[in-house]
Every structure is written in C-alpha cells, then in structure tokens.
Amino acid sequence: MNEMNEEDKAVLLDHDYDGIQELDHPLPRWWVMSFWGGIIFAIIYFSYYVVGSGPSLQYEYGLDLKHLKEVKKEYLKNLSQFNSDTYHSYSQSPEMLKVGESNFNKHCVACHRDKAAGDIGPNLTDEYWLYAEGTPETIFPFILTGNPSGGMPAWAEMLKEDELYAITAYLMSIQGIEQENPKAPQGERFERIK
Amino acid sequence: MTTSKLESFRYDDKIVKFFIIATMVWGAVAMLLGVTIAFQLADWRLNLGLEWMTFGRMRPLHTNAAIFAFAGNGIFAGVYYSMQRLCKARLFSDKLSRVHFWGWQLIIVSAAISLLSGATTGKEYAELEWPIDIAITVIWVVFAVNFFGTLFNRREKHIYVAIWFYIATIITVAVLHIVNSLEFPVSFMKSYSIYAGVQDALVQWWYGHNAVAFFLTTPFLGLMYYFIPKAAKRPVYSYRLSIIHFWSLVFIYIWAGPHHLLYSSLPNWVQTLGMVFSVALWAPSWGGMINGLLTLRGAWDQVRREPMLKFMAAAVTFYGMATFEGPLLSIKSFNSLAHYTDWIVGHVHSGTIGWNYFLIAGILYYLVPQLWRTKIYSKELGQMQFWTATIGLALYIVSMWIAGVTQGLMWRAVEPDTGNLVYPHFIETVVRIVPMYWVRAIGGTLVLISFIMMIYNLYKTIKNAGEHEEEVFQAPAIEKSKGFLFFKKHRELEGLPLIFTILVVIAIGVGSAIEIIPSLVSTKFIQKNEAITPYTPLELAGRDIYIREGCYTCHSQMIRPMAAETMRYGKYSKAAEFVYDRPFQWGSRRIGPDIARVGGKYPHMWHYRHMWDPREVTLDSIMPKYPWLFSKKTDYQVLPKKLKVMAALGVPYGSEQIENAVANAKEQAEEIIAALEEGGVENKMKDKQIVALIAYLQRLGVEGRDIEDESTQEEEE
C-alpha cells in the first residue's frame, strides 16, 4: 500500500482482503442530500401523477391536439380556396415551373412516373381524368385531399402552399406532351382547354 | 479462529487465462461488427445485398457479441481471478470451470450462426432462440455452482464488497434470463413468446434494462472494487458508502425498466414508476463512482504514467457520466425528445465503451503481467491505445448526441401558423443526420483500432514471458459460522453468504413483482377490443419474416400520444392493438419511420418496389434491399403448426381455421397478386415471401384506427 495520510489512518478498518484495505470515510454530504432528494422527488411525483389528480399523458395530448386542429382548420380553409391570381403568377414564371418540376420529381414520380406518364397512379398528361377535370381549379383541390383509400395520399399537410401551386402549374405545363408508352387512359375524357 | 492449522492450496489461473484470451478475441469481433453496421447506416450499399450481411441481422449480433461475448468473458476472467484470492480458495471444480468456458464459447458461436441465418426471437438482447436459451441457462447454473461452491470453501470469514456484487449478478441474471425467455417452440429454431403485446414489452424491458444493470454494471462494480485498490495499491475510500450504495443500487435498479417504454401503451402508473425510480437511481450509481475515484486519491501521478490506471480512472468517470445521463433521459420531457433517436445509442456506448471496454482494458493490463509473471510489453503503446480510444469515443458520443437532438427536434417541429409538420417527409430527417453517421463510424473505427493495439500489446507481453512455477498459498480454514440467522451489524451479515444471497433475492424480487405481476394477471390494464382480430395465416407468415429480418432494429411500431407524432403517423397506439403480438415489435429506434399504422397507407405495388430497392420509391433512403424475398418461397406447410402454437398460447384460432390455414393463406396471396399483376408483376410471384410480408404490412394498425383516444373521453367527463 502507498503511504497513507493521518486522516486516512484514522478511519482505516482493521480487516483486509487479499491485501485490500478499507477506509470508513463518512458519506459526502452532497451525496446524502441527492440520495434523499431523489427519493423524495420520486414520492412526490408519483403521488401527484398517479395517486393524485395530475393530468395523464393522454389528457395533455388531447389539449395540444385541440389547439393544433383549430390552427389547421383555419389554414386549410384558406388553402382550399383556389386563388387563380396566385396560380397565374406561378404558371407564368419559368422559375416556379422549375420548382414545381423538382417537387413533382421528389414526391410524385414514385407513383406517377417521370413526366407523369402514369404507373401506380394514372397518367396525368392525357385527357382522361378520374377525379380532376384537367383544369388547375380541379387538380389543385384534388391534390390537397387526394384519395387515400385509392392509393393517392393527401398532400395539404405534406407540402407547403407555394409547392402545391408550383406542382399544379407544372402539371398544367406538361399537358398533352409526347409520352413513351404511357399508362392506359383512366376515367372520363375532358377536352383540353387551350 | 486461528487455532485451526494452515492449509495449502493453489489457484486455478489457467482458466482465467482462457477467459482473457476469449475476451480479446470476442472484443475484436464485437467491435468489428459494430463498425460494419455503423458504415452500413452511412452508406446502404455496404449491406451488399446479402441476406446475412444486412443491418437487421448484423445489429443483434453486434449487441449480443458485445454484451455476452466480450463483456461476458471479461467478467468471468475477472470474477474467477478475484474470487479465488478473496476467498483464499481454489475454484470449486476445475471440471465445471472447463465446462463453463467451452460451453460459453459454444453458445457464442451458435449465436453468431443462428442470428445471421435469421433465427431470432425478435426481443432485443434476448434474440437467441430457445435451444440456445436453454444452453445459456445450463451454463449459467454451472457458473453459479462453481461460484457458490468456492464461496462455501472459502478461508476468509467475511465476504468483500466485490463478492456482494458478484452474488447480485449471478442471481439476478438467472432470474431475468429465465423469465424473459419463456417461449413456446414451433420448430427447432422458432418459438413464440408466452407473453403478448404490452406484457411482452414490459417483461422484455424489465429484462433489457436489467441486463444493462446486472450484466454491464454490477459485475463491473465488483471488478472495480477488486482491481482498482489492487492496481493503485490504495485502500477503498468508504466502507459505509459501499454498503449503502450496494443495497440501494440493487433494490432500485430493478424498477427502472419501464423508462424504455415511456409514452407507450404501457399503463401510466408503471411508466411513472419506471421514471421516478430511474431518477432515484442517480445517487446510488454515483456512490459507486465516488468510491472508485476517491480510492484513486493520492495516486493521480501514477494514473498519469500507467495506462492500466488511466483506463480504470476513465472507466469510472464514464460510468459516472452515463449514470447521470440515464436518469436525465428517463424524465418524461427529455425522453419525449430523445427516445427512438441516436442520442440513446450514444448513451449506451458511453457505457459499453467508456465503462465496460475501458475497465476491461485496465483489468487486462493488470492481469496479464500478473498471470504470466512479466512486465507489460509497451506502456507507450498502452498510452496510444488510451488516447485513440478516447478520441474515438468522444467522436461517437458527440456525433450521436447531435444526430439525436437534431432528429428529435425535426420530428416534432410544427409550423405555428399552418399547424403542419415542418418536416413531413421522414426521409428529410434521415438525410440530415447521415453526415453524423459517418463521424460515428470513424469514431467507432478508432475504438476498434485501439482495441487491436491492446491485443498486440498483450500478445507481445505474453510471448515474452518465461516459464514459471505455480505458486502455493497457505491459510487456515475458517470455523463454520453458528448463529447463521441473526445479525446485528452489516459486518456480521458479511460472514453469512447464504443470508446475504437471500436478502439480494428479496431486494430484486420486490420491484419485479410489483411492476410485472399486475399486468400479467389483470385484464384491467390491457383491455381487449373487438375490432382487433388475430393475424391471418399469411399475415403471420409475413410477420415472422419481419422478425427474421430484424426490421425492428430500424422501425418502431408504437405511436406515442404526442401531437407531432400522431400528425405524422396517425392515432396513437392502444394496448388492445397488440394482444396477439408474440413477440411484441415496438422497437426502440427510428432509423426509419414508425410503421404501426402503415397498413393501407400505400398500394401493394409501392411495397413491392420498396422492398426490392427502397430507392425506387424514396430517392435518398438508407434502407437495405431485400431481393431474396422475391426468390424465396413462403413456407405454407408450417402455418397450421404456427397457428396451433398460437392457439395453445391463447390466441382464438378455431380448429377449422388451423386446418384450413394453408388454403386460407394461398387465397389471400391470390388477392394480393391480383393487385400486383395490374402493375405488371407476374402471377408466379404469389408464393414468394414478399407477398406474405406485404400482407402483414398492409394490416398494420388498420383495425385499431377506430379505437377512441383516451383524452377525448377524459375531456367529456
């Protein structure tokens, strides 16, 4: 064993194990306090939330959700009003058409294929439509709600307002383009308005 | 007492040497596996498109190897060495020691083969299938007999604090392993848990958390109490502190498991118990750290010079860090941010690398020169190892911390004016943290390199050692204690190992019983719901594929009651939805999104493509490809047997259903293939495993959608 100081010698116990000796220093005060602190915290917390009337996780969640639903409702109400001025400012800007294209490539090609030629979802460049009618006024709101049971997700909460307009503008800009083996037409025919 | 005459004896050091070699070998293997899967997350191509190489199969092997092969062999080496010296007695039986050694290595090898080939129970750190579970039990009993036999033969009346910790380890690990592994075999390498859903989750995390407590903590604290005073040649700081922190640690630890299940469908009162006991655990844990560090008082210049002591001091410091972070992460508000993220992974590694690896390194630097009667080959190399490991670990912890906080914040971010998620596409949150995966992988590589340095250093040390005689020791026998039931002081208890052991059993029994039994026996906590039906045979086949591929290593199936979470994934999960899940698959990590309600979210074709190559539908995905699901056939013939086992466990399958299982599965496969054919898939694919997997994925969470949230009911009241 190394040299021991006086303080240690005073608390040295008279046993050893394979040469290991033990001192008997008192417990550090801060440690004792945190020891009891932890236990007292445990009792109080448990008493309030389980035995007492503390709100449950589910209850607190309910409050959060209620607030968010109100905010959302307000936002969706505004969003679903198709604004043709906004739309035109997008459809006439080559830059915004680019934004639309890149967003389409990011979120939609998985199901509608490159240039919307159709795959899991229908061809979006022909004159045949299931839900929309080939106009921005009808395509835009359909993208918002989609048809989840038919495999088309709702995008109102997934994409931002400007992205949604940009995608709509992009889709309108590729109506009638030449496609390599497009998906067979689905739905009713709506003549393209030039 | 000293009247009895001196007895001569030798120690069995050969078995310690065996375990030391095994520790080095498996340590390197475990870390190599860890580094491999770390790089797989940084670049998915490293999954190589091979079944056994994919992340989902390699990760369980990494965790099992690190815990049971590396730390396990390290524990056995240290315990067998110190036990003999603290008891002044040779190990109880040389034969049992050999059976223990070879049995354990055999278990590890069979674990490696079976996990890579996809045989798994799907319960974290308890993935091994039933034949191996039985083998583990047998070998653990061998260890226990050898240990308690040695204790019985001891020539030292009182048992030292290290032995207290060993006793707690042996008893508790046995209880945990047996209770959590209760399963019903279906075939040689497949079984179903006897617990379902919430109960399974509760038992599993009681086990999982206490595997950390009683496999990675208590044995190591015992080793610390032996090897630090020996290496530093300093007395232990406070005997009193040893007593208090030992008993409080053992009593409190066992309750803390549910902190892995906060915000889950577990009853709220159990969650809260898990949280408050975790907070109360902080001081008892730090008691161990204080005693370790203050034992090193006055030896700090030695610590600077000696790699051995440096590793020990750092180990205790990291232990302190990890046991501070643990209680913090158990507090509900922290947990809501950090759970399912990489923060938890960083936390675990500050324990397993910082505490377990470092302490083992310190112990090996002490033991190898002692056992081979020589000097360490190179202290400089030891210093280099220390700094390489420390820098590697720092990179690891910091990168995971950043990744975890980033991901946690991105998942919950909501735009205040629209009420929408800021990052509604999960993949955005993945792409953001991929750079951190690179940093972590590099950190891990440094840790692996440091370990190889140590292997080289110890190999050279052993090679340079000469021959030596076995030493003979002498000590008097002890009188067998008489009044073995009553004790007034703890000191007297230390002379009564049997009573001591019984008290340990009581200490761990109380918390276990109070937390687990109510949920097992009472239906009050897990209400059934008529909407939830058992899996169809094909879905069950798909579920077993999900388990086999270890999808749970990346995906959770537990939506928490948090607004940002239910906006992303749908209604929060209810206990009733899991009553047929054996095993439960809630997962603990979201490398990919939660899929508790993925059923019906996409068309079949989407999943078909996604499983073939996730990048076909999600450009930047880091999920592996699963091409073999498209060439392997679903095993229909085993389905009646599977249903029968499930029925025996209480799932309401009628005998007709069991008889018609094969026809029923084929019929469902026909429906799925019909939809896929529209997308150009050939009809002959209908018997392939991908179809069964799609059947499973498409039912996830569908039936539970209409179960009401609890909050709305509370509001109405």
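Leaving aside its neighbours within four places in sequence, which residues is B:Tyr357 in contact with? Keep that question in mind while we look around this predicted model.

**Stop 1: chain B as a whole**

Select chain B and colour it by secondary structure: there are 26 helices and four strands to find. The radius of gyration is 27 Å, close to the 27 Å that the globule rule gives for 717 residues, so chain B is as compact as a globular protein of that length. Turn the view along the principal axes, and the C-alpha atoms fill a box of roughly 90 × 55 × 50 Å.

Chain B shows about 25600 Å² of accessible surface, and carbon and sulfur atoms account for 64% of that. Of its 717 residues, 66% count as buried. If you draw contacts with a separation of 6 or more, 82% of those in chain B join residues 24 or more positions apart. Colouring by charge brings up 66 positive and 59 negative charges, whose mean positions are 12 Å apart.

**Stop 2: the cores**

Hide the surface and go inside. The largest nonpolar core has 256 residues, and the ones with the most contacts inside it are B:Ile20, B:Trp104, B:Ile163, B:Tyr357 and B:Phe358. Select helix α2 of chain B (residues 55-87) next: this helix gives the most to the core, with 18 residues.

Centre on B:Tyr357 to settle the opening question. Beyond its neighbours within four places in sequence, B:Tyr357 touches B:Met31, B:Phe70, B:Thr352, B:Gln385, B:Ala389, B:Val447, B:Ser450, B:Phe451 and B:Met454. Apart from this core lies another, of 27 residues; select A:Tyr90, A:Ile143, A:Leu159 and A:Tyr170, which are among them.

**Stop 3: backbone details**

Stay with the backbone for the last stop. From the end of helix α2, move on to B:Lys88, in the loop between α2 and α3 (94-116) of chain B. B:Lys88 counts as partly exposed, at 26% relative accessibility.

Look for A:Asp18 in the loop between β1 (12-17) and β2 (20-23) of chain A. With a relative accessible area of 22%, A:Asp18 is partly exposed.

Finally, where in chain B does B:Pro583 lie? Select the loop between α20 (563-569) and α21 (604-612), and B:Pro583 is there. The peptide bond leading from B:Arg582 to B:Pro583 is cis, with omega near -5°.

How values were computed
Residues are numbered from 1 along each chain as its sequence is written. Chains are lettered from A and ligands numbered from 1 in the order in which they are written. This is a predicted model: local features need pLDDT of at least 70, side-chain atom pairs count only at pLDDT 80 or more; totals for chains, interfaces and linings use all residues. Side-chain values use heavy atoms; hydrogens and water are left out. Helices (H or I, at least four residues) and strands (E, at least two) are DSSP runs, numbered from the N terminus. The radius of gyration is taken over C-alpha atoms; the globule rule is 2.2 Å times the number of residues to the power 0.38. Buried means under 20% relative accessible area, exposed over 50%, partly exposed in between (1.4 Å probe, protein chains only). Contact means heavy atoms within 4.5 Å. Accessible areas come from the Shrake-Rupley method with a 1.4 Å probe; for residues, only the protein chains shown count as cover. Lys and Arg count as positive and Asp and Glu as negative; His and the chain ends are not counted. The place of a charge is taken as NZ of Lys, CZ of Arg, CG of Asp or CD of Glu. A nonpolar core is a set of buried Ala, Val, Leu, Ile, Met, Phe, Trp, Tyr and Cys residues joined through side-chain atoms within 4.5 Å.
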